[in-house]
Structure formats: structure tokens, C-alpha cells
Amino acid sequence: MTTAPNCSRPWGSKAISDIALPASRAIRTPLASWLTLAALFVAYICSFIDRMIVGLLVDQIKADLDITDTQVSLIQGLSFAIFFTLASIPIGRLIDRVHRTKAVAAGITAWSLATVACGQASSFIGLFIARMGVGVGEAVLSPAAYSIIADSFPRRRLGLAMGIFGLGSATGAGLAFMIGGAVVALVAQADTMVLPLFGEVRPWQFAFIIAGLPGLLIALAFLFIPDPRPLEQQHTGQPVPKAEALPWSAVRAELRSKSRFYWSVFGGVAAVNLSVLGTVNWLPAMYMRGFGTDLSTTGYIAGAMLIAGGLLGMVGGGAVMDRIGGGVPSARLRFCAMAVGLAAIPAMAFPLVPDIWLAGLLFVAFFTAAAAVVSAAPSVLQEIAPAGMRATIAAAYVFVINAVGIGLGPSVTAALADAFFAGGDGIRNAMAIVAPFGYAIGAALFFVAARHANPRSQ
């Protein structure tokens, strides 16, 4: 992997040699980079609204479709994860070869239409299939975004940039609960309503339709955003072509040569994802069943907690990790290990405490640690992965963490609740087991990854 030669042209006060990762990355103005990041942030918010809104509608969907918590968990997790995970690696491979912002536009269009289709589902199978379509579309965004951001920002700002993008997940999940609660509360008095083009729908179906339509406008905007990798002038004044996608043999060799690093990062984030998604998907149900809050109030409480924890962990944690140890990969990973290790305590406590406000504060502490991990892991991977395979490595990462987190998290929690704590608010007991379990495993794996984070030591 080659690096750009030293030069005095600045980004702020830094020399190009302090900024560039590989020479194949195009130079961009700070304004263009931040505007692109802002667009990706909005897209990520949209994706998580479409992904997470089902968590607020659990009891309505159960009643209308006559299904169990375990079946709802399959709609939350497995249906989405099947194609989200299976499509992520070939899509990531494609993204290394095509115009990335146009690929993002196509992905947003696909998941938005699939979300609208969820609003037309009238059976468990129909909703399951529509959710599979949401997963296919969303498989595009993360690999493309990680690659675009890494080509747009200097190493010293990469943690903050990834944290801001990652904040879209917490903001989107929070807004999904807030918007969903407000929409359903608005139409709660009507058993059904008739919409132009869609016909007669139930309130929970209306919420899916409202959530899906704005994404089509966001997709249109991405058609006009340039990819940061076309031919641009480097500081030498010579045009530099974008990096060619490396062959599969090179990707396999990279994963084998740094296997302890890559698989410890993948496994650590997957374990954290298991805890978080096995908890967040059931958070509204826990509040409504355990504390007796109504749907609208629950949406605002859960949404505010997710946004607060995301802001603290992703932006605050990303900024801190850019400074600790010079922001090198090993320092970022040790920070992640300590954060989730300490957060295992509130992870166990928040579902069980009897006070609604104390539960909220403990949840924010629990979620802040996971949010810090989300900002750190992609930046570490993008720093170490060679040019020409960054989107492919990011896709492998997305595959592993979501196969475990999305595919298993909601269902493991629901299965524990149905098997051992059936009835009432037993879901909170299952959450108190799953949440700290994943954090403990994640902390151990991040310490292992930190030991092997120097790419020259593999």
C-alpha cells in the first residue's frame, strides 16, 4: 500500500502527508466532505427509521396478525437479516467497482419501497417477505458510506466522521419510536383508514407507509452527489485514477494474514450488536408492559434515550478516541473494551430496576458504550484495510455483525422470555441476561484485537 509523498498543501494546518492514507484517495475540500457526510447521515437516519419502527408496533402487529413474541422477533430480526447479510458481501464487492453515491441512491429507493410494502402486508408471511426487501436495500448503505467517508477525511478526523455517520443509527432508531408513536396515536381512534393508492389500512400499516415514502426524496438527492473517487488533481498536479478493486484472492489473503485482528473486531462488534439489538427491539414493549406507559409516551421516552446515548457515544466517543493514543487502532480498541466492560453493569441493571427514570439513565449508560464501538470499529477497519478492498472488508464486517446482531439478537431475547419468563413483563428478565452477556464477550475480543491491531505485526 503506497502513501502520498510529503507536500505542504494544507487541510487546515496539516500537511498532505499527515492526511492522505493511500495515494489513490482523491483530495476533497473540507466543505464537500462535510456535506457528503451530512447526506450520508440523513440516509442512515432514514434507514434506521425504516428498520426499527416495527419495535414500537409489536403489540399492534401481534394483535392484528395473531402471532407470538417469537414470530414478531423473526420479523424484527431474521427476515431483515437474511438478505441484509447475504447481500452485503457481493454488494460491497460491487461498490468497490461502481459509482458509490449512485449505488446509495439505488439502495435507498429499494428499502423505501419495501418499507411501504410492509404497510400493505396482511399476514405474517407477507410482512416477513417485505422486511426481507428492506434488508436488501439497506445492505448497500454501510459499505458504501464507510468507503466514501474514509476517502473524504484525514486519519486524524476519521473517528469523529465515522461517529457522526454512526449517530444516524441512534437518531433514526429514536425517531422511529417517536414518529411511530405520534403517527399511531394520531390515528388510534380509527380501526382502519382509506388512503389514495393504498386502500384500507390499519394504524400500524399507516405508520410503515409514512416511514417509507420520504426515503424516495433522499434517494433522488444522492443522484447529484459526486463520488469522491473520480479523477481529481492530487497535490502533484497529476490526475490520479481511483483504486482498482482487488481480486478475491487478495481479499482472502488479507483476512488470513491479519485474521486475529479482523475476526476479533468482527466478533466483538457482533457480540455488542447481539446485546443492543436484543434489547432495543424490545425496549418499547418492556416500557409498556413493565411500566404501563402508553404507546405515544413510550415512543418519546425510548426515542430520547437512544438519541442521547448515541450522541454521547458516537460523537463524543469518536472525538475522544481521535485524541487518545493519537487515535491509532490499538488505542481505539482498548477504549472499546473498557467501555463495554464497564457498561455490562448497567446492561444487567436497567431492565430490572422498578423506577422508570432510573431505568432510563441506566439504559443511556448501556447504549453509550455500544455507540462508541459503532464509531470506532469502522474507522479502525478503514485505516488498516488496503485500498481497493475497503468496501469489501466493510461488507464482510457488516455481514458478520448483523448476522449475529440482527439475525439472533431479537429472537434470542424473545425465545428466553417465551421459554422461561412467559406472560406479563417477562421480557425484561430476558433482556437482563442477553445484554450483559454480549458485552462481556465483546470486551474480551476487543482486548485481543488491540494486541494485533498493528498491520505489520500480523
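Where pLDDT is low, the predicted coordinates should not be read in detail. Across the protein, the average pLDDT is 82, and 87% of the residues score at least 70.

The model is predicted, and local features need pLDDT of at least 70, side-chain atom pairs count only at pLDDT 80 or more, and totals for chains, interfaces and linings use all residues. Residues are numbered from 1 along each chain as its sequence is written, and side-chain values use heavy atoms, with hydrogens and water left out.

Now select helix H16, residues 356–384. Helices (H or I, at least four residues) and strands (E, at least two) are DSSP runs, numbered from the N terminus. The 29 residues of H16 reach 43 Å from the first C-alpha to the last, close to the 42 Å expected at 1.5 Å a residue; the expected span is 1.5 Å times one less than the number of residues. Of these 29 residues, 22 are buried (under 20% relative accessible area; exposed is over 50%, partly exposed in between; 1.4 Å probe, protein chains only). At the N-terminal end of H16, display Asp355, which caps the helix with a side-chain oxygen 3.1 Å from the backbone nitrogen of Trp357.

The whole structure holds 17 aromatic pairs, that is, rings of Phe, Tyr and Trp (its six-membered ring) with centres within 6.5 Å; planes under 30 degrees apart count as stacked, over 60 as edge-to-face and the rest as tilted. Phe363 and Phe366 have ring centres 5.7 Å apart and planes at 55°, so this pair is tilted. Phe363 is buried, with a relative accessible area of 0%, and Phe366 is buried, with a relative accessible area of 0%. The rings of Phe363 and Phe367 have centres 5.9 Å apart and planes at 10°, so this pair is stacked. Phe363 and Phe367 lie four residues apart in H16, about one turn of the helix.

Finally, select the aromatic cluster formed by Tyr44, Phe48, Tyr146, Phe165, Phe261, Tyr262, Trp263, Phe266 and Tyr397.

Technical notes: pLDDT is the predictor's confidence in each residue, from 0 to 100. A polar contact is a pair of N or O atoms within 3.5 Å; within protein, one must be able to donate a hydrogen and the other to accept it, and residues adjacent in sequence count only if both atoms are side-chain atoms.
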